[in-house]
Amino acid sequence: MMRTAVPPVACVGEPRLTAGFAEYGRLDLLAHEEVHGPIGPMEPAQLLRLAEGMQLKGKGGAGFPFARKLRAVLESCERQDLAAVVVVNATEGEPASWKDKVLLTRAPHLILDGAALAAYALDADEIVIGVADDGVGRDSLMEALDERRMPVQTTIVTVPHRFISGEGGALVNGINGLPHIPPGTKKRSSDSGVSGLPTLLSNAETYAQLAVGARLGPYEYAALGTDDEPGTVLLTVTGAAGRPAVVECTAGMPLRDVLDLCEVPDVQGILMGGYHGKWITPEAAEKAEVSRKGLAAVGGTLGAGIIVPIGVDTCPLGEAAQVVRYLAGESAGQCGPCKMGLPDLARAVDLAVAGSQPADVVRAAAGEVKGRGACSHPDGTARFALSAIEVFAEDLRLHSTGDGCGRRVKGVMGLPGAPDANPQKLTLDWSRCDGHGLCAHVVPDFIRLDANGYPAFPATPVPTWLREGALKAVKVCPELALRLAKAE
């Protein structure tokens, strides 16, 4: 999916967040009030009871209880005798995610309702809504603000459309006029966030769910979903889906129902939760339920509600390697695990896919970054990489032989830009090679010398980041035996 048009929306079961979409498309204020009904302000204790009764958790990926965030800000305001700020994170920096964009473009008043509820309960000074600079949803949000009166000053802040810009600390930094990267040390926005004030920061869907719950009440809200996770879930389904869509479904629904709705064909695996998520096997997908608990039971994660099935016509390990390289490039680069550890991890994954290093090298590289970063980016990237080599273990075995799986990387993970348009691989003219070994010294990551001193390398395409080194190896070959040719 390119981020130039909002994808179709579908629903399995009773629509809540997507109610009225079929009739109105985008809900302006009149349509919004007709579909959802009126809503009034709530006192702090009342809003806390609602959030607790709904068991509302953040929908941005971490799943932190909203009531705990709200209580922490209330206590911080009282302790410091400061006003609060409410921040809506609608940046959605992950390329594979579209759910918040759908809410911005089609149900902006639900987001504003939730933010207004929080601002009133906190007696906040300001509401700040962070959106990405890709242009999707900003005009709709501005139109919605023109249609209504908010309880406090409400501003929109545009941040760079990067993966890391959606991290909570990075968004607060951006709002404060600092670089849009996470702070170098862990800090709680509930104590000091925007302008140094206690800040309630949550995802756009979280505020929209709060607005739905305020109208229904906790008991009716829990009429859908599971005992642990009441309500509905918004999912972005892309990848090999015949009908990519943003889907609202009841929590606890079989994952198979969502896959069927989106016409997902036979797959090699499914990424659950996005680029910081985990892969599951096709067999696990048949048993999985769409909930945090249900997906964890089969080795997956709900994360930010992203589902990317991988079809049988592409190399799954090659697809995963592209994502790890992207995540390494998207880091803030301000702490060791990001600045050095993630490039090392991307390198290890590339070499494992090329068949020139074992999977243990990936596990070791992932172990070097886990739990050591200033934010969750290293942990999420390591989780993704480790999950890929586990779920696609048979493909990794085929790659370890040097022959690969026989499939090209099609680039179906939703990454910005196109896949390598000109894949190239090394070839060797054995009638010319005298075993000088110079090539292995130039690019040892890809070419090694066998027991007889002759060059050995994978039959798979040369990774793009090793392409320059491979070309040098070709040039230094004194017998002109080594060549770089287009990969078929």
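Glu263 counts as partly exposed because its relative accessibility is 46%, and partly exposed covers values between the 20% limit for buried and the 50% limit for exposed. In this predicted model, Glu263 sits in the loop that runs between α10 (255-261) and β8 (267-272). Its backbone has a positive phi of about 55°, although Glu263 is not a glycine.

## Asp81

Asp81 also has a positive phi, near 55°, and is a residue other than glycine. The loop that holds Asp81 lies between α4 (66-80) and β2 (85-90). Asp81 counts as exposed, since its relative accessibility is 69% and exposed means over 50%.

## Val136

Val136 belongs to the loop between β3 (126-132) and α7 (138-147). With a relative accessible area of 10%, Val136 is buried, because buried means under 20%.

Thr105 is 31 residues away from Val136 along the chain, and the C-alpha atoms of these two residues are separated by 7.4 Å.

## Secondary structure and domains

The protein contains 19 helices and 14 strands. Its division gives domain 1 (17-222), domain 2 (225-311), domain 3 (316-400) and domain 4 (424-486).

Taken over C-alpha atoms, the centres of domain 1 and domain 4 are separated by 54 Å.

## Overall dimensions

Along the principal axes, the C-alpha atoms of the protein fill a box of roughly 85 × 45 × 35 Å. The radius of gyration is 25 Å, which agrees with the value near 23 Å that a compact globule of 488 residues would have.

## Burial, contacts and surface

Of the 488 residues in the protein, 55% are buried. Among contacts with a separation of 6 or more, 71% are made by residues 24 or more positions apart.

The accessible surface of the protein comes to about 20100 Å². Carbon and sulfur atoms account for 51% of that surface.

## Charged side chains

The protein carries 46 positive and 58 negative side chains. The centres of these two sets lie 5 Å apart.

Methods. Residues numbered from 1 in each chain as written. Predicted model: local features only at pLDDT ≥ 70, side-chain atom pairs only at ≥ 80, totals over all residues. Heavy atoms only, no water. Helix = DSSP H or I, 4+ residues; strand = E, 2+ residues; numbered from the N terminus. Rg over C-alpha atoms; globule rule 2.2 N^0.38 Å. Buried < 20%, exposed > 50% of the residue type's maximum accessible area, 1.4 Å probe, protein only. Contact = heavy atoms within 4.5 Å. Areas by Shrake-Rupley, 256 points an atom, 1.4 Å probe, with all protein chains shown as cover. Lys, Arg positive; Asp, Glu negative; His and termini not counted. Charge placed at Lys NZ, Arg CZ, Asp CG, Glu CD. Domains from an automatic or database assignment.
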